[in-house]
Amino acid sequence: MHIQYQYISSEYHRRYQRHIFKRRRIIRNDSRTMSRRYDYKFEVTKLKAIMSTFLREFNDKGYIDQKYTINQGYIKIPTYFSFKYQFNDSIKVYKEFLSEFLLGSHTITIDFSNCKHADIANFALLNICRQALLEFYNKYNANQYKQIVRKILALPSHLDNKTNKYLVTFKYIPLSSDIDDGSQFMPLDLMRGRHSSSYRGNVKSGTASIVSSFVKKAASPYGYELTTHTESLIEGYVGEVLNNAEDHSLQQSEWYVNGMCFHEIQHGVDVIEVNLAIMNIGPSMYEGFEKTKEKNITIYQKLEKYYEIHKKQFSITNHFERENLFMLYMLNDGISRLKYEDSSRGNGTMNFIDAFIKLGDYGEENEQFLPCLNIISGHSVLTCDSRYKPFVQNKVHRISLNKEQDQTKLPDKNYLHYNSSYFPGTILECKIYLNKEHIQKHQNIINI
């Protein structure tokens, strides 16, 4: 009995020890898990090593800096989240967003509560920035013992329901009864392509086809039909613009296409509003042209002559920056920074502008619905609508942005802006309106 008691006691002791050791391991592992879950700041020395080309370019252009983190994660969207109307304030949003995420330590709250108007270009860029940051976030955490926690929240607008529809579409906020007013809205999912891709031709042609289908589908509630010829032209024009975006992109960077349409009542009229944005990151149009001026000397001298003519017309109240005017000159047929490589270059963007202005010709009947195309590049924003649309002169498409349709005269200063802030790349943003009665009047078919 005594021997048996000793045996049981030893076995009990060994079991008790195993239990204690196991519990110590659990406590130690729990402690490690807790320390991994609650770290809030990236190690600055590791940021650049895993930044994408997109983030690195914005970092190089001064967008990512500790001075933009003073609001501790709170980012206020301007009244007009628009490059055309509030360029500098819109650029500030991206500086704060990128800096707060990468250098800050707080939950990020993007406040749209006082926003009265937002456009597709800004929502597309905000969406691309968010995706780039989340890709960085996942890549960083995959290689770190201490995990980072970062949340991005958004507050809806109190002043503009369309802004809230953008927020719903891009999954910042859920659809609520306050936002759902019975109107319809349809997104064109973000598409992207990379300059270095061996299949870039297929990617571009596929994207151009999707954009054409998007325009066609947007108007389907009206029984709106594009001719096969028109569909092919739109695809071709979008493809040409993507070629241009690819030419101006940084190596290893991507071009992007995003869109949104709304079917709703505006100014008492039933319309479909179609919005499209095409974007690349890299040198601005002007910077790209300046870099090739030695090889492209014939074209460059031609633009210099226009600039000298315009400069003589400057006054205290009406003058332009060199970048502004060169951007306008470059849109005309036959002008390209790569003309020295291929004499056929230089028509793609003008064809695209002309096509979409014609598609949105309802604006000629009702000025509340003017088609509008903005080109945002570097410091500049150029606007084209049916007031100053492209015209044909000597069988060549031209644009002057003045009522005289004269390239030797200064453009309307309301259509060509220079800003103190800078965007590292180019965005082509267009908006057109479709109306059922107008379409029926034109036999439901638009010919370009």
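Strand 10 (residues 372-385) and strand 13 run antiparallel and are joined by 10 bridges. Strands pair here if DSSP finds at least two bridges between them. In strand 13, leucine 416 is the bridge partner of leucine 382. The model is predicted: local features need pLDDT of at least 70, side-chain atom pairs count only at pLDDT 80 or more, and totals for chains, interfaces and linings use all residues. Residues are numbered from 1 along each chain as its sequence is written, and side-chain values use heavy atoms, with hydrogens and water left out.

**Strand 13 and its partners**

- Strand 13 spans residues 416-435. Strands are DSSP runs of E with at least two residues, helices are runs of H or I with at least four, and both are numbered from the N terminus.
- Strand 9 (residues 269-281) also runs antiparallel to strand 13, joined by 11 bridges.
- Methionine 279 stands opposite isoleucine 427 in strand 13.
- Strand 13 is mostly covered, with 17 of its 20 residues buried. Buried means under 20% relative accessible area, exposed means over 50%, and partly exposed lies in between (1.4 Å probe, protein chains only).

**Asparagine 435**

- Asparagine 435 belongs to strand 13.
- Asparagine 435 is buried, at a relative accessible area of 3%.
- Its side chain reaches the backbone oxygen of aspartate 270 at 3.2 Å.

**The parallel sheet**

- Strands of a sheet pair through backbone hydrogen bonds, either parallel or antiparallel.
- An open sheet is formed by 3 strands in the order 1-3-5, with parallel pairing.
- Strand 1 (74-76) and strand 5 (152-155) stand at the edges; each has a single partner strand, so one side of each is left without a neighbour in the sheet.
- Neighbouring strands of this sheet are turned by 20° against each other on average, direction ignored. Axes are lines fitted to C-alpha atoms, for helices over the stretch in contact, and angles run from 0 to 180 degrees between N-to-C directions.
- Strand 3 (residues 108-111) pairs with strand 5 in the parallel sense over 4 bridges.
- Isoleucine 108 stands opposite isoleucine 152 in strand 5.

**Helices**

- Helix 4 (residues 87-103) has 17 residues and reaches 24 Å from its first C-alpha to its last, close to the expected 24 Å. The expected span is 1.5 Å times one less than the number of residues.
- Helix 4 is mostly covered: 14 of its 17 residues are buried.
- Helix 11 (residues 322-330) is mostly covered too, with 8 of its 9 residues buried.
- The buried residues of helix 11 include Phe326 and Tyr329.
- Their cover includes helix 9 (285-291), helix 10 (297-311), strand 10 and strand 13. Contact means heavy atoms within 4.5 Å.

Technical notes: A polar contact is a pair of N or O atoms within 3.5 Å; within protein, one must be able to donate a hydrogen and the other to accept it, and residues adjacent in sequence count only if both atoms are side-chain atoms.
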